[in-house]
Amino acid sequence: MSYQALYRQYRPKCFEDVIGQEHIVTTLINQINSEHIGHAYLFTGSRGVGKTTCARIFARAINCLHPVNGSPCGKCEVCKAYDENNMDIIEIDAASNNKVEEVRDIREKVKYPPINGKYKVYIIDEVHMLTDSAFNALLKTLEEPPAHAVFILATTEAHKLPATILSRCMRFDFRLVTTEDIIKLLKKIFDKNKIEYDDKIVQAIATAAEGGVRDALSISDCAISFGKGKIDYDTVVNILGIGDKEQVATLVDNIIKGDLGEVLENINSAYLSGKNFAVFGKELTNYFKNLIVVKTCNNPDAILNQPKEIMDRYKLQADKISVDKLLAFMEKFSNIETDLKYSLSPKTLIELTCLECASFDPSKKF
Ligand SMILES: [Zn+2]
């Protein structure tokens, strides 16, 4: 059986299949239905959250003769022509084509009308990579675009764009996709591909993807190719290099309890499982930060975006420890992050730090 990488398989062709960006999708669909199409769009947000996917769907939909619920129909002349050879939608990666000459070339060619559809669409990815003179050339085009021209600028770093460009664009901020949404998607895709999995696995992958659909899929691909069609938890943990989340949570339990013996045991079993201690240190810093969020914020669920069981655990732990202590622990672990990377005995450093935290007396400081 030939295996097609999941991240290639899952490329939504209609807006309905895009997950986690409802606020954007709705607006785009409204524009398509009302035929109010702008000349310049800015799609910004983290990597792998659907910017280019939405740009492609939008570009096809505005050219489609009979869009279905705002998405390209896939059946009309234009849609069919695009499946063959798509000359009206031009994708440019600004990371490798960032010079003024290249933008001038766009300016020259954008004058010619589209071949099949109504609009000629330029999708410029990583647009923040353009040089200053390239931005200036782009600005000139955006100031006087031909009626048939649509520009979609995509970037992870909108703050690097000149204000003159920003002010010309309709801006769409893509969100990180929630862990819950990624879990649902993974389950759907795994089921469709008859890949065996359990909840713990999808949870681990979705959490590690940190809001990026593409990352979730490439982690899955990697695990599947190791597991020869199955995904097992240990493989996933190995690929992620993160060790078990449970490991961190248990260690924190014991630090809070002040149980020095258990603390040392936890660290030792992490060590035996091949844990990378530089990552471990970061996870602990982050864990204490999350507990501070749980203790101090009104709506920690919205900020941390974690599944209920993890949030419940956080809350239990947060109840047993003061903010002062948490702040001190967080500082302590964040201070050793660099040392952990270069230390010859990172395990000892982690042990020392955890023991100091476990026996910490806030009245005396570290
Ligand atoms: Zn169509």
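Select strand S1 (residues 40-44) and strand S4: the two pair in the parallel sense over five bridges. Two strands count as paired if DSSP finds at least two bridges between them. Strands are DSSP runs of E with at least two residues, helices are runs of H or I with at least four, and both are numbered from the N terminus. Within this pair, pick Ala-40, which stands opposite Phe-151 in S4.

A word on the model. It is predicted: local features need pLDDT of at least 70, side-chain atom pairs count only at pLDDT 80 or more, and totals for chains, interfaces and linings use all residues. Residue numbers start from 1 along each chain as its sequence is written.

S3 pairs with S4 (residues 149-155) in the parallel sense, over five bridges. Lys-120 has Ala-149 of S4 as its bridge partner. From S3 the chain crosses through helix H6 (residues 132-143) to S4, in a right-handed β-α-β crossover. Right-handed here means that, with the strands pointing away from the viewer, the path from the first strand over the helix to the second runs clockwise.

Five strands form an open, parallel sheet in the order S2-S3-S4-S1-S5. S2 (89-93) and S5 (170-173) are the edges; each has a single partner strand, so one side of each lacks a neighbour in the sheet. Neighbouring strands are turned by 15 degrees against each other on average, direction ignored.

Move to helix H8 (residues 179-192) and helix H9 (residues 199-209). Their axes come within 9 Å and cross at roughly 130 degrees. H8 is therefore oblique to H9. Axes are lines fitted to C-alpha atoms, for helices over the stretch in contact, and angles run from 0 to 180 degrees between N-to-C directions. Oblique covers what is left after under 35 degrees (roughly parallel), over 145 (roughly antiparallel) and 65 to 115 (roughly perpendicular).

Finally, colour by domain: domain 1 (21-173), domain 2 (179-240) and domain 3 (245-358). These bounds come from an automatic or database domain assignment. The centres of domain 1 and domain 3, taken over C-alpha atoms, are 44 Å apart.
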